[in-house]
Amino acid sequence: MREASFVKQNKDKWTTFESALSNRTNIAPDVLSDLYIEITDHLSYAKTFYPKSNTEMYLNGLAAKAHQKIYRTKKESKNRIIGFWKTEFPTMFYHHQRELLIAFLIFAFFTAVGVFSAANEGNFVRSILGDGYVNMTLENIANDDPMAVYKQMGEFNMALGITINNIIVALVTFALGILLGIGTIYKILQTGLMLGSFQYFFYEKGLFWESARTIWIHGTIEISVIIVAGCAGLVLANGMLFPGTYSRLDSFQRGVRNGLKIMLSTVPFFIVAGFLEGFVTRHTEMPDWLAIFIISASLALIVYYYIIYPRQLYKKTDHDRKPVHRI
């Protein structure tokens with residue numbers, strides 16, 4: 001990018017930031033801090049592509065002037081952990097809704113492929129789920145307890161094992177984003193094919209509702225956050241492939257950092273999913289209304305936290321970001 005284009009693209013942010021530093025406008029400290037991060041990124045970019053230019057000198061002076069003011073006025077949250085999930089992560093995640101949508105669409109497509117393949121290829125379900133699982137499930141169906149697989153282990157051991165396994169799967173899904181996103185897409189593909197073939201298997205046996213009301217008690221959160229992990233992998237890949245105004249190294253570092261934040265956000269949800277699978281899903285005798293309530297509440301929680309809440313927070317932050325002129 002030419003220097004003039006770079007300046008034209010970002011000068012409004014620089015002007016707003018400089019005005020705030022000079023006390024000509026009033027901006028919330030957290031918003032000022034976000035602008036400061038952008039300014040330092042722009043400074044790094046200018047040092048790489050426009051060394052010793054007026055742009056670099058201007059940004060360097062602006063960043064130096066900002067440092068003391070920001071760290072003098074910014075009030076850190078008393079509880080850093082709560083602050084991460086309440087503000088820091090959702091604000092950041094708003095900018096990665098596109099990657100989330102892509103991960104979801106890939107997953108939905110291959111789930112449909114799994115259903116179609118299971119319906120048209122006799123051995124597809126066994127090739128995906130394995131002979132052991134299919135034979136065990138057929139035996140459970142013959143014993144009039146098709147969901148008996150969720151009752152084989154003790155509650156705590158099952159919840160702990162499932163939680164650890166799901167976190168490992170999610171971490172692998174994220175880490176494979178380093179392969180330009182291809183590895184992450186492959187893991188999403190696997191999960192979609194497995195879910196599609198699994199659900200069709202029970203549909204074919206006349207047990208679709210029985211299986212759906214059971215597995216989605218824990219699966220609503222579990223599958224959703226695996227898709228979020230896929231989003232994290234795509235964020236990592238995006239940082240490598242599309243640096244934009246940043247240097248490729250800076251863009252890659254931002255992709256890794258943001259991807260790790262996304263992964264961290266999933267941990268409480270995996271714990272909840274593990275708890276549900278270990279302690280709740282096994283109660284296949286529960287009334288339909290209760291199962292539907294748990295599934296609906298889980299879906300509402302995921303949609304709100306990962307889609308609605310980041311947008312609400314961004315709108316509020318964007319409103320605060322607008323300069324308020326002093327009288």
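The bend at a residue is the angle between two fitted axes, one through the seven residues ending there and one through the seven starting there. The model discussed here is predicted.

Q: Where does helix 11 bend, and by how much?
A: Helix 11 bends at valine 267, by about 30°. By definition, that is the angle between the axes of the seven residues ending there and the seven starting there. Proline 268 follows within four residues.

Q: What makes the span of helix 11 close to the expected one?
A: Helix 11 covers residues 248–280, which is 33 residues. The expected span is 1.5 Å times one less than the number of residues.

Q: Why is helix 5 called oblique to helix 10?
A: The axes of helix 5 (residues 97–120) and helix 10 (residues 208–241) cross at roughly 120° and come within 8 Å. Roughly perpendicular ends at 115 degrees, and roughly antiparallel needs over 145. Helix 5 is therefore oblique to helix 10. The crossing is right-handed.

Q: Which residues of helix 5 and helix 10 meet?
A: Helix 5 brings Arg98, Glu99, Leu100, Ile102, Ala103, Phe104 and Phe107. Helix 10 brings Ile223, Ile227, Val228, Gly230, Cys231, Leu234, Val235 and Asn238. By class, this contact has 11 nonpolar, 2 polar and 2 charged residues.

Q: What makes helix 7 and helix 9 roughly parallel?
A: Helix 7 (residues 131–142) packs against helix 9 (residues 182–204) at about 30°, with the axes 12 Å apart. Roughly parallel means under 35 degrees. So helix 7 and helix 9 qualify as roughly parallel. Helix 7 passes helix 9 in a right-handed crossing.

Q: What residues make up the contact of helix 7 with helix 9, and how do they divide by class?
A: Tyr133, Val134, Thr137 and Leu138 of helix 7 meet Phe198, Phe201 and Phe202 of helix 9. They divide into 6 nonpolar, 1 polar and no charged residues.

Q: How do you know which way helix 9 runs against helix 10?
A: Their packing angle is about 170°, with the axes 11 Å apart. Over 145 degrees counts as roughly antiparallel. Helix 9 is therefore roughly antiparallel to helix 10. On helix 9, the contact includes Thr184, Ile188, Leu195 and Phe202. On helix 10, it includes Phe208, Ile215, Trp216 and Gly233. The contact counts 13 nonpolar, 6 polar and no charged residues.

Terms used: Residues are numbered from 1 along each chain as its sequence is written. This is a predicted model: local features need pLDDT of at least 70, side-chain atom pairs count only at pLDDT 80 or more; totals for chains, interfaces and linings use all residues. Side-chain values use heavy atoms; hydrogens and water are left out. Axes are lines fitted to C-alpha atoms, for helices over the stretch in contact, and angles run from 0 to 180 degrees between N-to-C directions. Helices (H or I, at least four residues) and strands (E, at least two) are DSSP runs, numbered from the N terminus. Angles under 35 degrees count as roughly parallel, over 145 as roughly antiparallel, 65 to 115 as roughly perpendicular and the rest as oblique. A crossing is left-handed if the near helix is turned anticlockwise from the far one by less than a right angle, and right-handed if clockwise. Contact means heavy atoms within 4.5 Å. Ala, Val, Leu, Ile, Met, Phe, Trp, Tyr, Cys and Pro count as nonpolar, Asp, Glu, Lys and Arg as charged, and the others, Gly among them, as polar.
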